[in-house]
Amino acid sequence: GGEDGPAFAAVKAALEIGRPVVTANKALLAKHGVTLARMAEEAGTQLGFEAAVAGGIPVIKTLREGLGSARIAKVFGIMNGTCNYILTRMGNEGISFADCLKDAQALGYAEADPTFDVEGFDTAHKLAILATLCFGYEIAPDRMRIEGISSITQHDIQVAADLGYKIKLLGIAERIDGGVEQRVHPTFVPKGSAIAGVDGVMNAVALETDHVHELLLAGPGAGGPPTASSVLSDILDIARGTRVPPLGVPSAELLPFSEAAMRPHEGGFYIRLSAKDVPGALAAIATRMGEKSISIDSVIQRSDLSAKAIAPDGSPARTVVMITQQTLESSVREALAEIAADGFIVGEPQLIRIEKL
């Protein structure tokens, strides 16, 4: 385990003497994958890591061998079973994030320190590896926005359900204008979409390509048997003499990572905030949004979602939910920062993207 230390030393030592390596260590590959792939190629040996991404789902083999002729435009999916288990139970049973996390730890789905999972870093490492296999750029886990699920509340789950959505933690990478956009964050996904039906500890990876259009691979994303299945698959490939570049193309042909230019988010945004229940508060919030050219699709105020919050000046606060139309994320964040500076809200606003899948 881990991206350095004995894990890196052992894999490096094996490759240096031409021994094939099979690993499930996604952190190691996210940091040193290009270096290790180059070493394997120079030594004429194999580097297998099917188990590093999405457990028992054969997504690495699919990308390296099955879709060699296809141009992939987008890859996205649910890549962390702990987060998916928590969000599924929050949606089905109406319980809090904290209670779901305790249950996940008791069942062995979450570590004693769950930060790596619930704050999105595990998904980010897996997404970075997939993005390299899909788009031919060097692995760049540090070149993406990463948000976890620890701030998701029952307010968010309930509003999502009422609007026809579920909340999922998605990793999304897309080829845009000569670069790649990579992001990990909670997402509103339509209830009727295939990805919305992937619940519990299951994982799913969707690929949008020019030839086969959308391909969805779903299955158990963690656990002993699924991981062992992927490890054995790599071992069988080595025994059969199957040789493919570890990262899909020779490491020397990988392009330096190029980050795509920022563009408007098509699905819009869900914004939840605790606004002071004083005259002029909502008008001031709407004005700030208008100054950033943000169009509001709807504003939701419901008594059953009222926040028990009190501002430092003693003013009561109420929960306000806004749904925006297509807009730049940077504009939304700038507007929210100015709204906070105006003193009309209590605590941190919640911002979740809405995906059109």
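**Entry 1: charges over rings**

I started with Arg-64, whose charged end sits over the ring of Phe-49, 5.1 Å from the ring's centre. I counted a charge as over a ring if NZ of Lys or CZ of Arg is within 6 Å of the ring centre and within 35 degrees of the ring normal. Lys-74 also came up: its charged end sits over the ring of Phe-76, 5.3 Å from the centre.

I noted that this is a predicted model, where local features need pLDDT of at least 70, side-chain atom pairs count only at pLDDT 80 or more, and totals for chains, interfaces and linings use all residues. Residues are numbered from 1 along each chain as its sequence is written, and side-chain values use heavy atoms, with hydrogens and water left out.

**Entry 2: helix H3**

I went back to Arg-64 and looked up its helix. In H3 (residues 59-66), Arg-64 is buried, as are Val-59, Ile-60, Thr-62 and Leu-63. Buried means under 20% relative accessible area, exposed over 50%, and partly exposed in between, with a 1.4 Å probe and protein chains only. Helices (H or I, at least four residues) and strands (E, at least two) are DSSP runs, numbered from the N terminus. The buried residues of H3 pack against strands S2 (47-48), S3 (72-78), S7 (202-209) and S8 (214-220), and against helices H7 and H9. Contact here means heavy atoms within 4.5 Å.

**Entry 3: aromatic pairs**

How many aromatic pairs does a search of the whole structure find? I got four. Rings of Phe, Tyr and Trp (its six-membered ring) pair if their centres lie within 6.5 Å; planes under 30 degrees apart are stacked, over 60 edge-to-face, the rest tilted.

The rings of Tyr-137 and Phe-257 have centres 6.2 Å apart and planes at 70°, so I logged the pair as edge-to-face. Tyr-137 lies in the loop between H7 (121-135) and strand S4 (145-146), and Phe-257 in the loop between H9 (224-240) and strand S9 (269-276), so the pair ties together parts 120 residues apart in sequence. Both Tyr-137 and Phe-257 are buried.

The rings of Phe-188 and Tyr-270 have centres 4.7 Å apart and planes at 35°, so this pair is tilted. Phe-188 lies in strand S6 (residues 179-190) and Tyr-270 in S9, so the pair ties together parts 82 residues apart in sequence. Phe-188 and Tyr-270 are buried too. With Tyr-165, they form one aromatic cluster.
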